[in-house]
Structures are given as structure tokens and as C-alpha cells.
Amino acid sequence: MQKDKKDIETSINEIKARLRMKGYNLTNFLEAYNKTTDKPISLANFSKRLNAGNLKYWEVKQIAEFLGYKVEWRE
């Protein structure tokens with residue numbers, strides 16, 4: 001179970017780092033992102049879910065694509 005918690009923490013940090021690398025903080029990211037989606041996310045909800053590691057896979061994929069990345073599975 002400890003490894004899962006560490007993996008979630010790593011993923012959260014990765015998302016936050018990618019946002020910063022693209023020049024976003026959470027507020028201005030959501031302002032821009034919400035203009036492109038039919039499922040807007042509130043700042044409070046996004047921040048809470050991101051920090052808890054509770055984002056859905058499709059949300060992570062959409063966020064990555066918005067930032068210019070692709071989610072890829074490798075073996």
C-alpha cells in the first residue's frame with residue numbers, strides 16, 4: 001500500500017511540474033482549460049482532487065493533451 005501512495009504523490013508532483021513548465025499556476029490553468037471543455041472544473045474541486053490523487057484517468061489525459069503531451073502506456 002505504501003508504494004501506491006508514493007506513486008500517487010509522484011503523479012501529483014508530475015502534473016504540477018508540467019503545469020509550471022508550461023507557465024501555468026492552478027488558477028490560470030483552469031481559466032484556460034475550462035474554455036476548451038464542456039466539463040469545467042472549479043479551482044477548489046480541482047485542487048482538492050489533485051492533492052488527494054483523485055483525478056479520473058480521462059481528466060488526466062485531457063489535461064495532458066491540453067498541455068501538449070500524450071499519455072502513453074509502455075511495457
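View 1. Not counting residues up to four places away in sequence, Tyr 24 touches Leu 19, Phe 29, Ala 32, Phe 66 and Leu 67, where contact means heavy atoms within 4.5 Å. With a relative accessibility of 24%, Tyr 24 counts as partly exposed (buried means under 20% relative accessible area, exposed over 50% and partly exposed in between, with a 1.4 Å probe and protein chains only). Tyr 24 and Leu 67 are 43 residues apart along the chain, and their C-alpha atoms are separated by 9.8 Å. The model is a predicted one, in which local features need pLDDT of at least 70 and side-chain atom pairs count only at pLDDT 80 or more, while totals for chains, interfaces and linings use all residues. Residues are numbered from 1 along each chain as its sequence is written, and side-chain values use heavy atoms, with hydrogens and water left out.

**View 2. Packing of helix H2 (residues 26–34) with helix H4 (residues 57–66)**. The two helices, H2 and H4, pack at an angle of about 95° with their axes 11 Å apart (axes are lines fitted to C-alpha atoms, for helices over the stretch in contact, and angles run from 0 to 180 degrees between N-to-C directions; helices are DSSP runs of H or I with at least four residues, numbered from the N terminus). H2 and H4 are therefore roughly perpendicular to each other, a term that covers angles of 65 to 115 degrees. Phe 29, Ala 32 and Tyr 33 of H2 make the contact with Gln 62, Ile 63 and Phe 66 of H4.

**View 3. Glu 59 in helix H4**. Glu 59 counts as buried, at 5% relative accessibility. The side chain of Glu 59 makes a polar contact with the side chain of Arg 49 at 2.3 Å (a pair of N or O atoms within 3.5 Å; within protein, one must be able to donate a hydrogen and the other to accept it, and residues adjacent in sequence count only if both atoms are side-chain atoms).

Key: Angles under 35 degrees count as roughly parallel, over 145 as roughly antiparallel, 65 to 115 as roughly perpendicular and the rest as oblique.
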